[in-house]
Amino acid sequence: MASVISFGGGNSGLQGGIFNGPVNTQFHHYAPPETPPNPSIVIPFSRDTDFVERGILDQIQQKYRSPETWVFWVHASNAARFEQSFRDIANCAKIHGRLNPQADILQLVHDWLRDERKGKWILILDNVDEAGFLKARRSGQDRQTSGIEGGNPRPLVSYLPQCPHGSILVTTRSKDEALKLVERRDIITVEPMSGADGLALFEKKLGWHDEGEDVDELAAVLEYMPLAIVQAAAYISQRVPRYSVSQYLQDFRRSDSKKTSLLNCDGGQLRRDGEAKNSIIITWQISFEHIREIRPTAADLLSLMSFFDRQGIPEALLRSREEQSQYNQEKNNDNNHPDIDVEYSDGDEDRGSQSSVNDGFEDDLLALRNYSFISLSMDGTTFEMHGLVQLATREWLRANKQQERWKEQFIKNLCAKLPTGEYENWERCQALFPHAQSAAAQKPKEQDSLTDWTSVLYKAAWYAWRMGKGVEAENLAFTAMQVRKKILGDEHEDTLSGMAMVGLAYKLNGRWDAAKKLEVQVMETRKMKLGVDHPSTLTSMANLASTLWNQGRWNNAEKLFVQVIETRKTKLGVDHPSTMTSMANLASTYRNQGRWGDAERLEVQVMETSKTKLGVDHPDTLTSMANLASTYRNQGRWGDAERLEVQVMETSKTKLGVDHPDTLTSMANLASTYMSQGRWGDAERLEVQVMETSKTKLGVDHPDTLTSMNNLAFTWKRSGKETEAVRLMEECVRLRKRVLGVNHPYSISSCRALDTWKAEQEDVALSIQSAEDM
């Protein structure tokens, strides 16, 4: 008889005696029922007390939140994190059956959410930058990790129930990904931070209020990007008191490499997802890598755009590219890409399943806009990028040895589209000038690209010179000249043109001796290489004559001007613009020599021809009108002079700007006419404006500024302000002697006037003394 083993009634298990044969056992554990928890907010981050509310949470709360509402957080960057988040929800809500190893957790959570008796809920799908994994059918291995061993491989999105008592909030950086999950009308756009909000965030993260302007400036250069602000504040706070906002700002502006170093510093933010990067550079580069995977041509387009100025990027410079799309064709080798030539156009060539190339360009733009890499300008004709996005993209290109390739493409495209600085090109030059300035800071290595680069700088300098931007013109022209000398030689025509442009910039900046030295060299080389009567040689002779005129060497200038005029009349014709310019220059020499009749005759001819050939508001026409007005003034024909000068001044303000050197000259000329008419108040008002603007625009010791000081001193003298006049003329004489030299006619004229005025003051003092003695 078999023995019996007995267990107490409080136990469960196998009871038996002696068995012969196989034994099948099954254990049943009867856990006590769990008390359902009350609705709660399940967010894996603590509240940020430094948070700056911008109205977004209000929109969300009004739309979704109500009392007794569950709030669940789902990490939705990939399938594994999505499923783990569902397990966390099951544990938090104590969903029955979740402890069974064979349970389908996704289905359990789905069913629980659908049950209206469980109450209202909000499910936050965070960081859905790639929604594809939610809609893809899962592999068998994926299903097994969720406790499913077979059946229909449902996509993850099917476990997100659509029911009236629940809401799903999706966060994503891509509008395109958002539209895969929600209707367009349901998108709440998180706009860029305002300046006030960015400043508030910065000061909260720093932990103190800075009364200075450094925090404002730093927030602005960081473009009010929250992550960049938090990162910078953490960097500064960790280093105080041996570091400050001002020092960070200085370091940030020092160079791109230093800027990258600062922005690569991990700020260690505790309230962010542990897998998220705290460096804004790395964060953007992760998105860039994603773009490269899903749309390589869009990544190429962004690579090209990263070298432009961040604003006003024209479509024409992007469509004209002859790109090379390099993408990995071999596993684990990012630096070995085949070259694929791509060019955007409006052609209708059939490319199979691919859309037209033109549509491809639009799709690339859309992809970049959806990820907020770029944005459209207000007029919809140009594009803009965040400067930090450009920096992050260029840093990725540098690290992956693609920086030179895209830099060269940028320079090639810009060189092809940037015109010369002639008047008819000003509108196009104005739009492209910021990109030329950006190119100036990005010198390429290859010689062919260097040639294009110097051409960009030369044409940009030309435009800057015509706009009266002396410093920019000199810097751009000098750099182009130096590189051309190195790669082309001193006697190459492009090198000589570059030298001539530097001479013009020197002259605009009042550096006449430096201009003369270059202009003599250019003239002599061109005479030898091209001949005396070549148009380029004549231009160099005219430039030198103009410099001699500025130096007060009027007889030498006259000889050269006459030679140039006669040759140009023969070679180019009487009404050629270059001939007209030479005649105007000669007329100016006549005017300084007191030969009013000769000057007037030439100036009338030049003005009428310019009006016919160039137009009434062309800068050269305005110059001819101003010259004729000066002659009228010297002849005592003040009404005729004033009428022309008012017209020139108003047109110059409109065409060139209030602070352009030519506009300031026109204002000074009109003031001189007012002074001749005894209208001291009108003259003084204009001359003070000219002098102050010249000091700011040109510099205190620029020859044109000194002329404005001389003129104002004369006006003050004649209007009875003798003490102020003498004091200003003393300053003018001191500077003219230093800048122009003691023998320059202008220096001599100012010295004589000052001596006379002082002698008059002494005579007055003696007369007063004699009267007191009597």
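This is a predicted model: local features need pLDDT of at least 70, side-chain atom pairs count only at pLDDT 80 or more; totals for chains, interfaces and linings use all residues.

Although it carries a charged side chain, Glu-603 has a partner, for it forms a salt bridge with Arg-591 in which the closest N and O atoms are 2.4 Å apart. Glu-603 belongs to helix 26 (residues 596-613) and Arg-591 to helix 25 (residues 577-592), so the pair ties together parts that are 12 residues apart in sequence. Arg-591 is buried as well, with a relative accessible area of 11%.

In general, side chains of opposite charge can pair when their charged atoms come close. Asp-682 and Arg-685 form a salt bridge whose closest N and O atoms are 3.2 Å apart, and both residues lie in helix 30 (residues 680-697), three residues apart, which is about one turn of the helix. Here Asp-682 is partly exposed, at 23% relative accessible area, while Arg-685, at 52%, is exposed.

The side chains of Lys-717 and Glu-760 also meet in a salt bridge, at 3.0 Å from N to O. This pair links distant parts of the chain, since Lys-717 is in helix 31 (residues 703-718) and Glu-760 is in helix 33 (residues 745-773), 43 residues apart. Lys-717 is buried, with a relative accessible area of 17%, whereas Glu-760 counts as partly exposed at 34%. Salt bridges can also share partners, and in this way Glu-558, Arg-595, Asp-598 and Arg-601 are joined into one network.

What is the nearest side chain of opposite charge to Arg-568, which is buried yet has no salt bridge? It is Asp-620, and it lies 10.0 Å away. Arg-568, which is found in helix 24 (residues 554-571), does have a polar contact of 3.3 Å between its side chain and that of Thr-539. Leaving out residues up to four places away in sequence, Arg-568 touches Leu-538, Thr-539, Ala-542, Gly-573, Ser-578, Thr-579 and Ser-582.

We now turn to the strands. Strand 3 (residues 120-126) is mostly covered, with six of its seven residues buried. Strand 2 (residues 69-75) pairs with strand 3 in the parallel sense over seven bridges, and within this pairing Val-71 has Ile-122 of strand 3 as its bridge partner. Strand 3 is also joined to strand 4 (residues 166-170), again in parallel, by five bridges, and here the bridge partner of Leu-125 is Val-170 in strand 4.

Not counting residues up to four places away in sequence, Phe-202 touches Val-215, Leu-218, Ala-219, Leu-222, Ile-229, Ala-232, Ala-233 and Ile-236.

Terms used
Residues are numbered from 1 along each chain as its sequence is written. Side-chain values use heavy atoms; hydrogens and water are left out. Contact means heavy atoms within 4.5 Å. Buried means under 20% relative accessible area, exposed over 50%, partly exposed in between (1.4 Å probe, protein chains only). Helices (H or I, at least four residues) and strands (E, at least two) are DSSP runs, numbered from the N terminus. Two strands pair if DSSP finds at least two bridges between them. A salt bridge is a side-chain nitrogen of Lys or Arg within 4 Å of a carboxyl oxygen of Asp or Glu. Lys and Arg count as positive and Asp and Glu as negative; His and the chain ends are not counted. A polar contact is a pair of N or O atoms within 3.5 Å; within protein, one must be able to donate a hydrogen and the other to accept it, and residues adjacent in sequence count only if both atoms are side-chain atoms.
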